[in-house]
Amino acid sequence: MQTSSPLSLGFVPIARPTFDVELAAQVTREARTALENAGFKVIAPENLVSTLEQAQFAARLYADNPPDLLLVFQATFADSTMMLHLAQSVDAPLLLWAIPEERTGERLRLNSLCGINLGAHGLKRAELDYEYVYAQPNAEQAIEKVRAVAQAGRVRRLLRGTRIGRVGEHPAGFDTCRVDQKALQATFGINIIQFDLQTFFEKVRAADTRVIESVRHRLGSKMTGLEEVDQTALNGTLSTYIALRDIAERERIFAFAVRCWPEFFTDLGCAACGALSLMNNEFKPCSCEADVNGSITQLILQWLSGQPAFDSDLVVFDPEDNAVTFWHCGKAPLDMADNTVAPKATVHSNRQLPLLMEFPLKPGRVTVARLSEATGSYRLVVGTAEMIRAPMSFTGTSGLLRFDRPANEVLDTLLSEGLEHHMALTYGDYVPALLALAKMLHLPVLRL
């Protein structure tokens with residue numbers, strides 16, 4: 001699922017008429033204009049909200065379609081009554097915005113900061129979460145914080161009711177891929193839909209040959225070497241993609257966690273990797289080894305960035321070059337390929353069966369993350385890095401990362417914390433939104 005619609009804001013300006021209402025209306029207009037110019041969809045009452053009855057009316061604007069973020073704009077001082085009602089009535093994360101005032105020696109015209117101070121106290125006592133901004137109406141830093149919290153609010157909402165397809169069980173000895181279905185439901189509202197592996201294989205074997213040929217033709221325009229690999233095995237991988245795509249549509253599955261080995265090789269006679277790559281590229285994230293938490297991490301990153309995400313192994317740390325190799329057999333989405341290198345069809349390096357994608361990852365800023373259960377409870381692991389243009393490190397899909405921390409420190413964190421072997425990435429810097437999401441979900445954060 002790709003989320004390309006604008007972030008939605010419930011924008012409620014509150015004020016008290018004994019303050020400078022004209023100035024309050026002016027700063028409200030400036031803030032709303034700045035938010036709309038920044039691309040937000042702003043849903044707001046027509047006028048300043050100054051009574052509990054008006055706050056109740058404003059809350060009803062968002063009853064049927066909760067916004068990604070509720071922004072209470074403290075146009076002037078007011079007591080906490082209206083703010084508390086809004087926080088308790090609107091199903092959205094809350095951000096308070098106060099306006100600084102110049103020290104003129106004249107009247108305190110807005111007293112906005114004292115208003116959110118009073119409101120924050122009431123919210124804290126009521127055990128309600130909130131974020132805040134203290135800045136001028138058009139401050140870029142404030143707009144970016146609003147964006148990060150709204151992004152996180154959207155992801156939190158999307159996670160509720162998300163259906164993850166788990167195809168088969170995780171392999172023995174891969175405790176990193178264990179899943180706690182009850183905890184996922186309780187913490188995120190996620191539902192795991194279990195599919196039997198052999199029943200799935202029956203669907204793969206029943207794929208329509210005409211559909212297989214159509215997929216092959218489309219794929220042939222994006223990569224080379226399809227005709228050079230075992231054609232029966234190639235058709236098996238393409239049939240796997242067709243089966244996953246059909247199940248996703250029929251069962252409303254947002255992402256898959258697939259047991260990819262050994263049965264794909266031994267029973268079906270092909271590799272799952274290429275099918276997972278195609279699904280990843282079409283915004284239906286797929287993790288191998290039935291790694292449900294890996295798929296959830298990919299979904300989160302995809303929803304934040306509006307681009308595909310990919311989870312993989314960290315296989316080589318080079319302290320001298322301060323570089324880390326991010327590698328997997330061949331399931332990265334094709335959109336991540338370095339545009340100076342044509343993606344190529346290849347075979348699994350150990351099992352010698354297709355279809356796998358082979359290319360180096362494109363250069364650029366990336367966010368690396370993982371929903372981790374290494375401690376027995378959930379944490380969000382977050383890091384930022386630069387993907388460097390470099391020759392392929394190994395066959396398959398790989399990239400060379402330079403984290404913002406030294407490579408040896410990242411390695412020490414990975415091993416001393418006993419983190420999972422899969423990490424996910426997407427292009428761009430989405431750490432502020434991930435930190436806001438972790439706060440909303442009450443998840444500890446570990447920085448890579």
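**Chat about the chain**

Reply: Arginine 252 sits in the loop between helix H9 (231-251) and strand E8; helices (H or I, at least four residues) and strands (E, at least two) are DSSP runs, numbered from the N terminus. This is a predicted model, where local features need pLDDT of at least 70, side-chain atom pairs count only at pLDDT 80 or more, and totals for chains, interfaces and linings use all residues. Residues are numbered from 1 along each chain as its sequence is written, and side-chain values use heavy atoms, with hydrogens and water left out.

Me: Okay, is arginine 252 buried or exposed?

Reply: Arginine 252 is exposed, because its relative accessible area is 54%. Buried means under 20% relative accessible area, exposed over 50%, and partly exposed in between (1.4 Å probe, protein chains only).

Me: And what is phi of arginine 252?

Reply: Phi there is near 55°, a positive value in a residue other than glycine. Histidine 442 also has a positive phi, of about 60°, although it is not a glycine.

Me: Where is histidine 442?

Reply: Histidine 442 is in the loop between H14 and E18, just after H14. It counts as exposed, because its relative accessible area is 58%.

Me: What about helix H14 itself, how many of its residues are buried?

Reply: In helix H14 (residues 431-441), 8 of the 11 residues are buried, so the helix is largely enclosed by the rest of the structure. The buried ones are Val431, Ala433, Leu434, Ala436, Leu437, Ala438, Met440 and Leu441.

Me: Which elements do the buried residues of H14 pack against?

Reply: They pack against helices H5 (140-159), H6 (181-188) and H12 (292-305), and also against strands E14 (364-372), E15 (379-388) and E18 (445-447). Contact means heavy atoms within 4.5 Å.

Me: Zooming out, how many helices and strands does the chain have?

Reply: The chain has 14 helices and 18 strands. Its radius of gyration is 25 Å, close to the 22 Å that the globule rule gives for 448 residues, so the chain is as compact as a globular protein of that length. That radius is taken over C-alpha atoms, and the globule rule is 2.2 Å times the number of residues to the power 0.38.

Me: What box do the C-alpha atoms fill?

Reply: Roughly 80 × 50 × 40 Å, taken along the principal axes. Of the 448 residues, 58% count as buried.

Me: What share of the contacts comes from residues 24 or more positions apart?

Reply: Such pairs account for 77% of the contacts in the chain with a separation of 6 or more.

Me: Tell me about tyrosine 130, then. Where does it lie?

Reply: Tyrosine 130 lies in the loop between helix H4 (112-125) and strand E5 (131-134). It counts as buried, because its relative accessible area is 19%. Leaving out residues up to four places away in sequence, tyrosine 130 touches Leu94, Leu96, Ala120, Leu123, Lys124 and Lys439.

Me: New topic: how many disulfides does the structure hold?

Reply: The structure holds 0 disulfides, a disulfide being a pair of cysteine sulfur atoms within 2.5 Å.

Me: Last one: which peptide bonds are cis?

Reply: One of them runs from tryptophan 261 to proline 262, with omega near 0°. Proline 262 is in the loop between strand E8 (255-258) and helix H10 (263-268). Another cis peptide bond joins proline 354 and leucine 355, with omega about 5°. Leucine 355 is in the loop between strand E12 (344-346) and strand E13 (356-360).
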